[in-house]
Amino acid sequence: MSKIQKIVFQNVPLQNVVMQAKVILSYQLFGQPVGSAPLVVVNHALTGNSQVIGENGWWQSLIGDNKIIDTKKYAVLAFNIPGNGYHDEENLIENYQDFTTYDVANLFWKGIDSFKVNQVFAVIGGSLGGAIAWEMAAVRPKAIANLIPVATNWKASDWLIGNVLIQDLILNNSKNPIHDARIHAMLLYRTPESLEEKFHTKLQNSEGLFQVESWLLHHGEKLQNRFQLSAYKLMNHLLRTTDIFKNNSKSEVIKSITSNIHLISVDTDYFFTANEIKIAFQEFKNYKNNTFYHEIKSIHGHDAFLIEFEQLNNILKPIFN
């Protein structure tokens, strides 16, 4: 396993408040040394972390030796969103509402700057990680050759903001907050068809518990055992803060981004809908020819970006080969 390394930043300016006294940015490096090969930055999703490859790597089907993002060919850098608690329970962030995806994007760029790298070959991320990738492109519009936001968008929708509110209420009011919030979230990440295919309304045991209930309770317990409450509050809150046009006009931002942009949606996604991503694609296409739209076909909804590896690999192959 690649060692977790840390950078400490003092007096970090934030978008909506004056200052955060100290932020610790941790990361892992995989593949080639930074500076000796094209750099790929991988941004994790809400409950993810910097461990992207290997036995416990959450994107191991995509990244590794001789895989689509080939660690024999690329330097792969994965940051932890500050406050996610991964191997660092002492540096959690309690004032979670002070932070935005824009702030995280700025911190990631500060981290990249520490490697003295001016140009990044690709920034890729799914869901929350993809939203941060969008913010990174808006912050430094000429620094990324290939921007690949997966199952995400450049702006939080009303539907997303509403569900973030429900999650926040559960996290602040439930007696069993992580467990209960995760159960609600799992239903947003999947579809009715996905659950029907998986469980067929079968009972789990003689006490009358359905298999779907058992599965949801298991996911609640699993996350509760490995995730901190303040980390979940922060990651959930960040989702609602994405808006790359907050400070500038849409046309200015779009025209300034030089990256090849590959928008990847899931046709059944309820969380970041394929329709909203198609609209984003059309808006970019009005100004830029090097914008491309790809769609994963799946009954599994939002989580398809973690399930349909073959389709995702086929979409990414031309970019990384």
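Predicted model: local features only at pLDDT ≥ 70, side-chain atom pairs only at ≥ 80, totals over all residues.

Biologist: What makes the pairing of Ser 50 and Gln 28 a polar contact?

Modeller: The side chains of Ser 50 and Gln 28 are joined at 2.4 Å. A polar contact requires a pair of N or O atoms within 3.5 Å, one able to donate a hydrogen and the other to accept it; the pair is therefore listed as a polar contact.

Biologist: Which other residues is Ser 50 in contact with, leaving aside its neighbours within four places in sequence?

Modeller: Besides Gln 28, the residues in contact with Ser 50 are Phe 30, His 44, Ala 78, Phe 79, Asn 80 and Tyr 86. Contact here means heavy atoms within 4.5 Å.

Biologist: How do you know whether Gln 204 is buried, partly exposed or exposed?

Modeller: The relative accessible area of Gln 204 is 43%. Buried requires under 20% and exposed requires over 50%, with partly exposed in between; Gln 204 is therefore partly exposed. The residue is placed in the loop between α5 (192-199) and α6. Not counting residues up to four places away in sequence, Gln 204 touches Leu 209, Phe 210, Gln 211 and Ser 214. The C-alpha atoms of Gln 204 and Ser 214 are 7.0 Å apart in space, and the two residues are 10 apart in sequence.

Biologist: What makes Pro 13 buried or exposed?

Modeller: Pro 13 has a relative accessible area of 57%. The cut-off for exposed is over 50%, so Pro 13 is exposed. Pro 13 is found in strand β1, residues 5-13. Between the C-alpha atoms of Pro 13 and Ser 214 there are 44 Å, with 201 residues separating the two along the chain.

Biologist: What is phi for Ser 127 and for Ala 151?

Modeller: For Ser 127, phi is near 60°, a positive value in a residue other than glycine. Ala 151, which is not a glycine either, has a positive phi of about 50°. Ser 127 is in the loop between β7 (120-126) and α2 (128-139), and Ala 151 is in the loop between β8 (144-150) and α3.

Biologist: Why are Ser 127 and Ala 151 classed as buried?

Modeller: Relative accessibility is 6% for Ser 127 and 0% for Ala 151. Buried means under 20%, so Ser 127 counts as buried, and so does Ala 151.

Biologist: Turning to the spaces, what makes one a cavity and another a pocket?

Modeller: In a cavity a 1.4 Å probe fits but cannot get out, whereas a pocket is an open set of points. A search of the whole structure finds 2 cavities of 30 Å³ or more. The largest cavity has a volume of about 80 Å³, and the second largest cavity has about 50 Å³.

Biologist: Which residues line the second largest cavity, and how do they divide by class?

Modeller: Its lining includes Leu 46, Asn 163, Val 164, Gln 167 and Phe 271. The elements giving two or more residues to this lining are α3 (158-173), α4 and α7 (229-240). By class, the lining has 7 nonpolar, 3 polar and no charged residues. The largest cavity has 5 nonpolar, 6 polar and 1 charged residues in its lining.

Biologist: How much space lies in the largest pocket, and which residues are closest to its centre?

Modeller: The largest pocket has a volume of about 840 Å³. Of its 30 lining residues, the closest to the centre are Thr 47, Trp 58, Arg 182, Arg 226 and Leu 306. Helix α6 gives the most to this lining, with 4 residues. The lining divides into 15 nonpolar, 9 polar and 6 charged residues.

Biologist: What of the second largest pocket?

Modeller: The second largest pocket holds about 190 Å³ of space. Among its 13 lining residues, Asn 84, Gly 85, Tyr 86, His 87 and Arg 226 lie nearest the centre.

Terms used
Residues numbered from 1 in each chain as written. Heavy atoms only, no water. 1 Å grid on protein atoms, 1.4 Å probe; cavity = no way out; pocket = protein on both sides within 12 Å on 5 of 7 lines; lining within 4 Å. Points joined across faces, edges and corners; volume = space filled by probe spheres on them. Nonpolar A, V, L, I, M, F, W, Y, C, P; charged D, E, K, R; others polar. Buried < 20%, exposed > 50% of the residue type's maximum accessible area, 1.4 Å probe, protein only.
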